[in-house]
Amino acid sequence: MTKYYQGHYTPRNPEKYIGDPTKIFFRSSWETKFMAFCDNNPSILAWNSEECIIPYICGTDNRPHRYFIDFVIKYKTNSGEVKTAIVEIKPAAQTEQPKQPKRNTQKAQLRYINECKTYIKNQSKWKAATQYAKDRGVEFIILTENQLGIK
């Protein structure tokens with residue numbers, strides 16, 4: 001059974017958090033790492049977690065759903081420009097189309113089907129997030145363990 005790393009994050013700089021800083025919840029160690037980065041980096045002017053909700057139609061069931069974006073950040077670039085980005089934290093494997101398993105076992109096929117469903121769901125979310133960001137003149141960024149310096 002997989003044990004998930006979840007809990008509440010207490011910011012050192014609560015004035016930077018957009019929302020109630022006593023109700024910041026993380027769902028992974030990767031999110032915790034990014035929260036600490038946002039909290040402690042002077043270039044990050046403001047941030048929040050799971051407070052931006054984007055409606056989308058999922059390609060797996062063609063029904064409407066709500067996408068809770070992991071983070072919204074407002075930051076200052078090296079040139080001094082202030083920008084806003086919506087940020088999703090995901091494993092790199094979930095950003096790539098799954099590959100057909102080499103072994104044709106029931107377990108391998110079920111895993112492949114689940115990976116395909118996850119990929120389609122993520123693509124549906126990211127299409128909606130890309131349009132949402134474009135409509136508002138902000139960036140949409142997907143960060144994986146590679147950008148977070150994990151693994």
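Reader: How many bridges join β4 to strand β5?

Author: This is a predicted model. In it, β4 covers residues 53-57 and β5 covers residues 64-68. The two strands run antiparallel, and the number of bridges that join them is five.

Reader: Which residue in β5 stands opposite Ile53?

Author: β4 and β5 form a hairpin with six residues between them, and Asn62 in the turn has a positive phi of about 55°. Across this antiparallel pair, the residue opposite Ile53 is Phe68.

Reader: Which residues of β4 make up the covered face, and which the uncovered one?

Author: In a regular strand, side chains alternate between the two faces of the sheet. In β4, the covered face holds Ile54 and Tyr56. The uncovered face consists of Ile53, Pro55 and Ile57.

Reader: In what order do the four strands of the open sheet stand?

Author: The chain has three helices and eight strands, which run β-β-α-β-β-β-β-β-α-β-α from the N terminus on. Four strands form an open sheet with mixed pairing, and their order is β3-β6-β7-β8. 

Reader: Why is one side of β3 and of β8 left without a neighbour in the sheet?

Author: β3 (44-49) and β8 (139-143) each have a single partner strand, so one side of each is left without a neighbour in the sheet. From one strand to the next, the twist averages 25°. The reason asked for is thus the place of β3 and β8 at the edges.

Reader: What is the bridge partner of Ile44 in β6?

Author: β3 and β6 (residues 71-76) run antiparallel and are joined by five bridges. Within β6, the partner of Ile44 is Tyr75.

Reader: Which strands does helix α2 touch where it packs on the sheet?

Author: Helix α2 spans residues 106-136, and its direction makes about 145° with that of β8. The strands that α2 touches are β7 and β8.

Reader: At about what angle to β3 does helix α1 run?

Author: Helix α1 comprises residues 29-40 and lies across β3, β6, β7 (82-89) and β8. Relative to β3, the angle of α1 is about 150°.

Reader: What percentage of the residues of the chain count as buried?

Author: A residue is buried if its relative accessible area is under 20%. The accessible surface of the chain comes to about 10000 Å², of which 50% belongs to carbon and sulfur atoms. Of the 151 residues, the buried share is 37%.

How values were computed:
Residues are numbered from 1 along each chain as its sequence is written. This is a predicted model: local features need pLDDT of at least 70, side-chain atom pairs count only at pLDDT 80 or more; totals for chains, interfaces and linings use all residues. Side-chain values use heavy atoms; hydrogens and water are left out. Buried means under 20% relative accessible area, exposed over 50%, partly exposed in between (1.4 Å probe, protein chains only). Accessible areas come from the Shrake-Rupley method with a 1.4 Å probe; for residues, only the protein chains shown count as cover. Two strands pair if DSSP finds at least two bridges between them. Axes are lines fitted to C-alpha atoms, for helices over the stretch in contact, and angles run from 0 to 180 degrees between N-to-C directions. Contact means heavy atoms within 4.5 Å.
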